Every structure is written in structure tokens, then in C-alpha cells.
Amino acid sequence: MPAIPSHVPEPSRTDPALLRNFCIIAHIDHGKSTLADRMLQLTGVVDQRQMRAQYLDRMDIERERGITIKSQAVRLPWAPTDGDGQAGTHILNMIDTPGHVDFTYEVSRSLAACEGTVLLVDAAQGIEAQTLANLYLAMENELTIVPVLNKIDLPAAQPEKFSEELANLIGCQPEDVLKVSAKTGIGVDALLNRVVRDVPAPVGVKDAPARAMIFDSVYDSYRGVVTYVRVIDGQLNKRERIKMMSTGATHELLEIGVSSPEMTPADGIGVGEVGYIITGVKDVRQSKVGDTITSKDKGATEALGGYKDPKPMVFSGLYPLDGSDYPDLREALDKLQLNDAALVYEPETSAALGFGFRVGFLGLLHLDVIRERLEREFNLELIATAPNVVYRVIMEDGKEHTVTNPSEFPEGKIDKVFEPVVRATILAPSEFIGSIMELCQTRRGTLLGMDYLSEDRVEIRYTLPLAEIVFDFFDNLKSKTRGYASLDYEPTGEQDAQLVKVDILLHGDRVDAFSAVTHKDAAYAYGVRLVAKLRELIPRQAFEIPIQAAIGSRVIARETIRAIRKDVLAKCYGGDISRKRKLLEKQKEGKKRMKMVGSVEVPQDAFIAVLSSDENAGSGKGKK
Amino acid sequence: MPSALPDGEPVPEDGSLPAPALAGAADRPLGFYLHVPYCATRCGYCDFNTYTATELRGTGGVLASRDNYADTLIDEVRLARKVLGDDSREVRTVFVGGGTPTLLAADDLVRMLGAIRDEFGLAADAEVTTEANPESVDERYLATLREGGFNRISFGMQSAQQHVLKVLDRTHTPGRPEACVAEARAVGFDHVNLDLIYGTPGESDDDWRSSLEAVLGAGPDHVSAYALIVEEGTQLARRIRRGEVPMTDDDVHADRYLIADEVLGAAGYEWYEVSNWATSRAARCLHNELYWRGADWWGAGPGAHSHVGGVRWWNVKHPGAYAGALAAGRSPGAGREVLSEEDRRVERILLELRLREGVPLALLRSAGLVAAGRALGEGLLEAGPYGEGRAVLTLRGRLLADAVVRDLVD
């Protein structure tokens, strides 16, 4: 192990020529967190005693699911061990990027804070769609790419094959691809050397007014919001007043410093450096990713480019199973929002499900993670309605509606309906091309193109309506490709489509939770399926219950639950009485778990079963 | 009685009751149920507390046998006398059930009744019933019972169809129960009941009609008709699970019930409880009415349930354990529950709604009243009695009685 460098340059007094800002682009499970762990050890910022796996991933869910939701930055000192040994101690700022498609915007801001990226690919699996998408993003940002194959110690590793693949993608020689094992540590020092050698030092104007880009913002219950920034020009100093350029809001810098990897206060952060600031704000929406920070006095006048407000793409109604938990749900959402500028919600009332919230998410994983955190960290039992996208409906009279809840889809004369579309990239072994294309066709996809990455791996690009992939697309894709396919998508706008709202009527009453917007060709199948399913799930009651699926006033499917004719125990003699009273008490308990929809008692289980059925749930689909 | 015992608190060794249970006892009728836990064979559908062995050894080596059973049971009647103390009530009803009471000698049954007469006194108009197996009685047996003070007898007929009896494992020959009715009448029984079961796997509507016709031909003054309940743990439940016999659909049960009410009604039998019909008010089973109207009764015998003034208790199930407790001078009670006011209100609703007289609406709370109004609108309650302040089930309502009860107790 190399010696821990002495003479480590301090924050705000570091020569930009010694700085290397880089991130790691990798697919989930390709070993990014393990590599980060090795780097922490090798550079000596975490000693063996304190080391734990996935050191940088703070949240339990992240560690358990192996995904990184929030990024962080770590300052690592490194004196290259190759060459003549005269290079001296450099400062490497490793910026950990979020690893999922839903967080593309956050990824893009992390990339914008770097000059280079380590492209980390599993030597046994090759590149995956999402990694490819982020790689393209890095190339667009003109980052220097350091290609690395990980897990070369695995028996199934094919370093030759995948070196070739990477070389083709980024235009380098296969020999330039580094081969490491983050698990055993092989090749990690060479990788750090390569970062110093290849990644350019940041170039900024030292004496200009300060401009720092926020690439992450994290809520900490003790310290308030911790904001991670990359200083582009000038310098931020402790105790100065700063200004958020998107809103003009000013704050005092209570603390400024760097993570190595624990937060360490400093006098300031200089040009090209990466660090954190604390201003005392309590809500990440006051310190938004992509925003530019400057000094309050004599600050910059022009913000850095690339800032966007996060825009929810997928909506779902979240309802507490027990109506009395509603205030707890509100409180939990409020808390999560402190740390999640992309989470939006507003109260909503459903005739069927009671009081709840319509919640907007960046995508399916985002939805999944939020729901899981609500259930796990806040002990809430929830019913989530099937996820839906946002529709723009233009009426014949020119009025426009934005629909985030299918039950609010307007009635009357509709001229046009617009739905969001995405550009989807699917990577898979070429043997599955047929079944992938078949799947995309049934989801109203349009083929954009197809390229072979290597002899037997192919990249397929489609335009798909987002609504078609928020349901069960990814599960279907996985099962049709025996788990080999990977998917990435990015919103590309909207399209005009023949969409209709299908309502489900129970005993003549519309059940808002089951309303769905579907393509008109799929409406009939949706109606038939839901109606049949409800017939199975709703117990017979004192009267006959028609279940109908309808588009407007036109019924497209119908089933009937026959009236129950017998609900009486034949015998009730002396010995039966206690038993019967106890049975009655049990039945009353059961009745409490029924939701009244009009005059019909619907078991809560029926809602859960219908809303989480394989055909239309978002649950568990996010892992990619 | 079903074989599974409820959970409850323990019964004191001497069987004593909390003082409030006896308050106001004089105003309530008192009955006795005597359980005989023996059968010649166990029927496939039966989950009652009954045993086919003639001798059962209990804890402490006490022998419980058919031969000394009457003496054991008489011990409990004496215990009852002690527990009820200076309660001066005469006994209004006695009902001997099983099992198969008629597996005991007729003299044994008469001796058991004698013990009640000796300890408590029998009311002059007391109703004294025994259940009887059509194959285990003859005219002499019946005459002995009649002379010993029994005045009502109930035969387990179940069906007039051999193939149906076979599924139920009933061993009597078709026609024998009807003959028993005549024999009972001949020796002077005023009141005779036939028990029927409908909805047995393999039974058709016509089979059921023929059973009802056979009953009408025999002319008892009381008929009980029960939907077959397939209880867990019975041979029949296992056969259904294995697919050897089909499960009867609830709608079929409903149809059979309507047939029964139509045929019996047309022949002058009037329903007075969901599963019971009688030719006159006097022909009703007074003992069962004690159960349904919250009166007091002492149930003697293994597994028997009792109720006195809001305390329900039940005996240990096994005849050996039962005999052992009594031999040691202890109460055979296995557990009991003391009902709260609300328990008693709920019980009144769930029991009395099954009766022709129904439940006083005054017993309902506001949510229950709303539910009653709804049930009236849905045709489950009779309009006439409703106007007079009573919830009385219609024919369709009787079939949905449990659902109505669930709403009315709110």
C-alpha cells in the first residue's frame, strides 16, 4: 500500500493545477460503491478500523437495494505512484453520481461539476443501457472518459470482449481500458494514477465574482440542508453572505468545508474546488440542484447554464390504509420533501379510498423509493393507485386541461389529447431482438434505430409513450429477455394520441381509484380485465351488483355479482351461542376493513389486488 | 353442540357462580339439558361431543362407562342443586340430547329425570324431551319413557332417501322414523319432532321434497330442518376435500330452505325459529325457546354448556375427565364467561332475530336503527311488525339473518 501523502494542500489554498474532479458512471451492481470504498482506503482518508461496506451510501434503502439515490463528493489526496514520482500530492474530488434513470437531471449536474469520469463496467456483463445513456451524457459534456473494467477476478469475466466493446464506444484502444477488481483492490492505484494523468485540471477565473454550481443538496436533521457545490469561478469564504441566483434569496454561510469523507470545515473553497456549504435552510427546495451560488456583495450577474426545475413525470395517489393515518402521511411527505426537491404532492380525496395525496415523481424508481420509505421509515400502510402520466387535453372550445389524475380527465367534446413520450434505449443480447421489438410494438412504440455494440449485443432505440412503460414494461422486458436486457429512457416531448378514459362503475357508481386513461384500442381489454378481476374479489352482497367498464356513457364490459341468498347458520342452540357471538365480533372486525363504495362493501384487499396486479403496478419495477 | 370449546376464564372448583348471576332468578324459567355422549357409530358429518367406545378411562383412573353414566350425571344434578343454593325455581324443561340418549337403558333416562325432580321439582306443565335414534327404540322403550315422565320426543330422521342417509352415515332404514312417530303417539307422547337435514351432497330438490312429504305423512307436530354444515375435522369434510363428494352450493341451500318453508307452511306447520316449524304454539319446543330468549339452563354432561343470569360456562369434553372431576367432588366446568351488558344486548339481537316474534327495535342503537330501516327497504324485514316496533325477518330475510344481525348490532 502506498504511503499516505504528506503535504496535503488545504481547501481554498489548493492550486487548481493539482485538482482532478471526476465521477464514476456505472450500472447498479457493477461495483461503484465497492470501488469508492477501495479509493477511500487507498488514499488513507478512512482507516481500516472505520471502514464499512458502501461507506458513502447513507440511507438504509440505498445500502439494501444497492442503489445510490443521493450523490456526494469526497476529497481524496493522491500522490501518483507511477512516472518519476515527482508529481506531488494531488487532490481528487470524487463525485458520486445517482445511479438511476429517474435522476438523469441530477446526473447531468454531477457531470457538469467534473472534468472527467471513470466509466466502470462489469467485466462479466458489459455495458448496460443506463450506463450507456450516462456515458453519452458525459461525452456531450466533453468529459474525459477513463474506461475501466471491474470484477476481472470473476471466473466469468471476459475482459477482451468488453474492452473491445468499450473501445468501440468511446473511440480508444482496447489496451487503454483499465482492468481492476474493486473487491480485491487490484488495479485501483493504477486507476487513481490514470485519473491524475488523463483528467484535465479545472480551468476557472480565480479573480472573478464567485460562481458555484449546486450539484447536490441533502437534508440533515441536525444541520439542516447540506449543499454540495463546485466552484467554477472565484472563491466562497466562510461567514460571507451568499445569493441563490434562481430566486435571489440570500443566506449566511454558517459553515463551509469539504468531505474527506466526514464533513470538515474550512476557510473557504477556491476556484475549481468541490465542497459543501451550510446556510441553515431547512428545505432542499431553497437550495436547488443546478442553481448557481454567488456572493451577495459584488456577486456575479450571470448564472451558470443548465438549471432546470425538476418536473414530475409520473403521478400516483397515495392513501393510508387506515384513514386515521392521514395526518401522519402528510407529515411524512413533508419530511421527505425536505430532502427531495423533485417530490411534489397535493391533497386529494377519493370517494373510494378516502383522504390521500396525489404525488408526482420523476419516474418509477422515484415512486418506488418514496413509497418504500413511507412504509418503512414512517410505518405507514398505503394503497397506491396505478401510476399515470400527465396528459394535456385540448377541448373543442380551445380550453386546455392538465390531467394528473385519470378520474379528472375532462368529459365533453375533446379535440386533442397529448401524452408524454420518451426515447427508450434497450441493450440486450441480439437473440432477443424479436421479442423486444414485439413488446415495443404492442406498447405503441416507434423504432428509431438499432446498432450492434459487439457481435452479439445490440442497442435498440424506440420512441414510446411514457404511459406504456410506467405500467409493467420493465418486468415484461426482463422476462422476455431472461433478465439480460437493460433499459434507459429520457423524456423527449409529447405526442397527440387517441386516448380515452375508462371508468369502472360499481352498482352504477364510478370508482375513481380505478379510472384509467388508455389508448382507445386498449380500452376494451383494460375494461374486461378489471371488471372480471373485481367480480372475483368482491364478495356477494344482499343485492345484485353490476360491475361495468365504460367510456363516457358507453359500457364496454360488464359482469354481475349475484346477490347472496344465504347467510345464516342453520343451528343456534345453547352451546352455539358463545361461539356465534365471537364469530359475529370477528365478522364485525372484517367489516371494518371494508371500504364502502356507494352502497357496495369492497374489501380493502380488492383495491390492493387490483391496483398492484402484475398488469398495471409500478411496484418493484425500479431496479435496473 | 359443537365440539370446539370457546376460550374463557376458569370455573371455580366448587362451580359457584358470581352473586349477580342469581339476582332476579325467580323471574326466569329454568331448564336442564342432559348430554349423553355415546353413539353406536360416528356419523361422517357429526362434530358433536360423542364417543363410540362404551368405556372410557379418565384421569385418576375413574371409569366412565355407558353403564354408570346416569349415576355420574346425577352427581352433576346434585352439584347444580348446591350451586344454585336456595333458588326455589321448579324446572320448566328438560331436554336429553347427545350423542344418542337412547343407547342408554330407558330406565337410566328416567332415573336422570327423577334426580331433577327430586332435587328441584318439576313444574306441572314441564316439557320433558329426549332425542331418540329410530333404530334404538321400540314401543316398550318408548312406553317406559312416557311412564317415567317424558312427554316429548325428537327423532333424527335426516332424510327419507337411502342414498342421502348413506352419505350421512346414518344407519336407519328409510320409513323407520315415520313408524316411530306412530309408536310414540300410541304410547301417549303429546309432542313428537322429526329432524331433517338438507343440502347433503348428492341430494336433489326432489329427494328433499320426498323427505318433506314423508314427514307430513308421519304427522309429527314439530319439524326441525337444518342445512348441512360441513364442519372442519369431520370425515365428510375430508371426503369433500378429496373430491369424493361435491360441496353443496349456498344457493342450493337457499332453494331447499324455500321448498321446506313452502311445503311445511302449506301443511300447517308455521316457522317460529329460522330452522324450526310447529303446528301450534303449544307444539313449539319450549326448551329451545329458553336458549333463544336468554333464560337459565343447566347443561349437565361432558362438554355441555350452561347459562345462568349472564354467566355462560361449559364442561370438560372428555367423559373420563368429566367423571373424574365429579368423583373428586369438583365442578366439571372447563371455562366460563361473564357477559357484559353489551354482550347480552348483542346476544339478544342475534338470538331473537331468528324468532318469529323478532327483536324489539328499542334494543337497537341509532346505527342499528338506520340499518333496520335499510333492511326493511330491502325486503328483509316485515313491514307490519316493524310499524309496531319489532324487527321480524321476512322469508328472504331469514336466509340472510346473520348479515342482518351484523348490521343491527351497530
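Is Thr34(A) buried, partly exposed or exposed? I count Thr34(A) as partly exposed because 19 C-beta neighbours sit inside 10 Å. My cut-offs: buried takes 20 or more other C-beta atoms within 10 Å of the residue's own, exposed takes 12 or fewer, and partly exposed is in between, with C-beta atoms placed from the backbone.

Ground rules next. I am working from a predicted model, where local features need pLDDT of at least 70, side-chain atom pairs count only at pLDDT 80 or more, and totals for chains, interfaces and linings use all residues. Residues are numbered from 1 along each chain as its sequence is written, while chains are lettered from A and ligands numbered from 1 in the order in which they are written.

Back to Thr34(A): I find this residue in helix α1 of chain A. Helices here are DSSP runs (H or I, at least four residues), as are strands (E, at least two), numbered from the N terminus. Leaving out residues up to four places away in sequence, Thr34(A) touches Ala182(A) and Lys183(A); contact means C-beta atoms, placed from the backbone, within 7 Å.

Then Gly31(A), in the loop between β1 (19–26) and α1 (32–42) of chain A. Gly31(A) is buried, because 24 other C-beta atoms lie within 10 Å.

Last entry: the contact between the chains takes 25 residues from chain A and 36 residues from chain B.

How values were computed. Contact = placed C-beta atoms within 7 Å.
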